[in-house]
Amino acid sequence: MKPKPSMRAIFSAILLTAALTAGATAAANAADREVNVYSYRQPFLIEPMFDAFTAETGIKVNAVYAKTGMLERLQNEGRNSPADLVFTVDIGRLSDIQNAGLTQPVESAAINRGIPAGMRDPHGHWFGLTARARIIVTSKARVRPGEIGSYEDLADAKWKGRVCTRSGKHPYNVALFASMMHSHGDAAAQEWLAGLKSNLARRPQGNDRAQARAIAEGVCDVGVINHYYLYQMATSDKQKAWFEAIDVVFPNQADRGTHMNISGMAMTRHAPNPDEALALMEFLAGDRAQEMYAEVNGEYPVNPRIGVSGYLESLGDFKRDTLDLARVAANRGAASKMADRVGYND
């Protein structure tokens, strides 16, 4: 006759069975959890972070890449939208989605620890993920080092017929113009923009890299671009000659610092998976993801604890304008009208 199991053995077996069942249930639940992202960011820029998040949490990330039309898509989908998060570039696009009533506020001590106050909405509707500097590039052959040092210098008559930019209505330039309005007031900013307009070598056109190309081809001597295009040109067989023709200027180092913009994220108003969305947001604001983000896309981490390496390190330290981007967002409409008043694109 087999001995009867003791009560302790029976109780231990029950606990073991419960633990195994709970573990299996948790694993199954994790496997079923997901978060849906609409993104203006190209897949190769964000997938490494999503893969790391899934490996750490078991939550699957479904990302839909769109080059344009995100706001309209969210509006058309309404409450039926599957999107939990939106990822986009420029404070303008983030604030447009917020102003359309398509985001919801998020409260998270973890996110706030990772993202400085000036790079997130004060009410929690959007958060910066990476920072990009709006820099000046100059011809190595035709501009002496130190000859131009600020955005204000772009309006100096010495540069007449020598400056190239993309459209004055592009969000990157509108944000810069909005920051000038905050720094100098509306009237002085408009006078500056009219001076910049009068110094253009050609009608505003092309993207940021087209301004470097125009310098290399002798069309102009000075351009305004975002910093991360430098690395893209330097590593492109086709565009390397453009990169080699230019010098880099981080403007306004003697005063307020270089204008900064962001790429960022926001939780949608009707997010079907808010808990999972919050988990991804907190992960992306953390040290590991911030290091990865900067490494992959050549932008600066918004988390001040994270250093830079590689090409960014070679650019050196520089003073950043710490103007709250919520103020830039508030000035965008007025800045766009200012560009119209001076006929910037004419």
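This is a predicted model: local features need pLDDT of at least 70, side-chain atom pairs count only at pLDDT 80 or more; totals for chains, interfaces and linings use all residues.
Trainee: Hi! Let's start with T268. Where is its place?

Mentor: T268 is in the loop between β8 (260-267) and α11 (274-285).

Trainee: Is T268 buried or exposed?

Mentor: T268 is buried, because its relative accessible area is 4% and buried means under 20%.

Trainee: And which residues is T268 in contact with, leaving aside its neighbours within four places in sequence?

Mentor: With that stretch left aside, the contacts of T268 are L74, A83, D84, L85, V86, L102, T103 and Q104.

Trainee: L85 is on that list. What does L85 touch, not counting residues up to four places away in sequence?

Mentor: L85 touches V35, N36, V37 and Y38, and also A266, M267, T268, A277, L280 and M281. L85 is also among the residues with the most contacts inside the largest nonpolar core.

Trainee: How many residues does the largest nonpolar core have?

Mentor: That core has 100 residues. Along with L85, those with the most contacts inside it are F87, L154, F177, L193, L280 and L284. Helix α6, residues 171-184, gives the most to this core, with 8 residues.

Trainee: Switching to helices now. At what angle do α2 and α12 pack?

Mentor: Helix α2 (residues 43-57) and helix α12 (residues 287-297) pack at about 155°, and their axes are 9 Å apart. Angles over 145 degrees count as roughly antiparallel, so α2 and α12 are roughly antiparallel to each other.

Trainee: Which residues make the contact?

Mentor: From α2 there are F44, L45, I46, P48, M49, A52 and E56, while α12 brings R288, A289, M292, Y293, V296 and N297. By class, the contact of α2 with α12 divides into 10 nonpolar, 1 polar and 2 charged residues.

Trainee: What about α11 and α12, are they roughly parallel or roughly perpendicular?

Mentor: The axes of α11 and α12 cross at roughly 70° and come within 5 Å. Since 65 to 115 degrees counts as roughly perpendicular, α11 and α12 are therefore roughly perpendicular to each other. Here F283, L284 and A285 in α11 meet D287, R288, A289 and Q290 in α12. This contact of α11 with α12 has 4 nonpolar, 1 polar and 2 charged residues.

Trainee: What does A326 touch, not counting residues up to four places away in sequence?

Mentor: A326 touches P122 and W126. As for D153, A326 is 173 residues from it in sequence and 26 Å from it in space, C-alpha to C-alpha.

How values were computed
Residues are numbered from 1 along each chain as its sequence is written. Side-chain values use heavy atoms; hydrogens and water are left out. Helices (H or I, at least four residues) and strands (E, at least two) are DSSP runs, numbered from the N terminus. Buried means under 20% relative accessible area, exposed over 50%, partly exposed in between (1.4 Å probe, protein chains only). Contact means heavy atoms within 4.5 Å. A nonpolar core is a set of buried Ala, Val, Leu, Ile, Met, Phe, Trp, Tyr and Cys residues joined through side-chain atoms within 4.5 Å. Axes are lines fitted to C-alpha atoms, for helices over the stretch in contact, and angles run from 0 to 180 degrees between N-to-C directions. Angles under 35 degrees count as roughly parallel, over 145 as roughly antiparallel, 65 to 115 as roughly perpendicular and the rest as oblique. Ala, Val, Leu, Ile, Met, Phe, Trp, Tyr, Cys and Pro count as nonpolar, Asp, Glu, Lys and Arg as charged, and the others, Gly among them, as polar.
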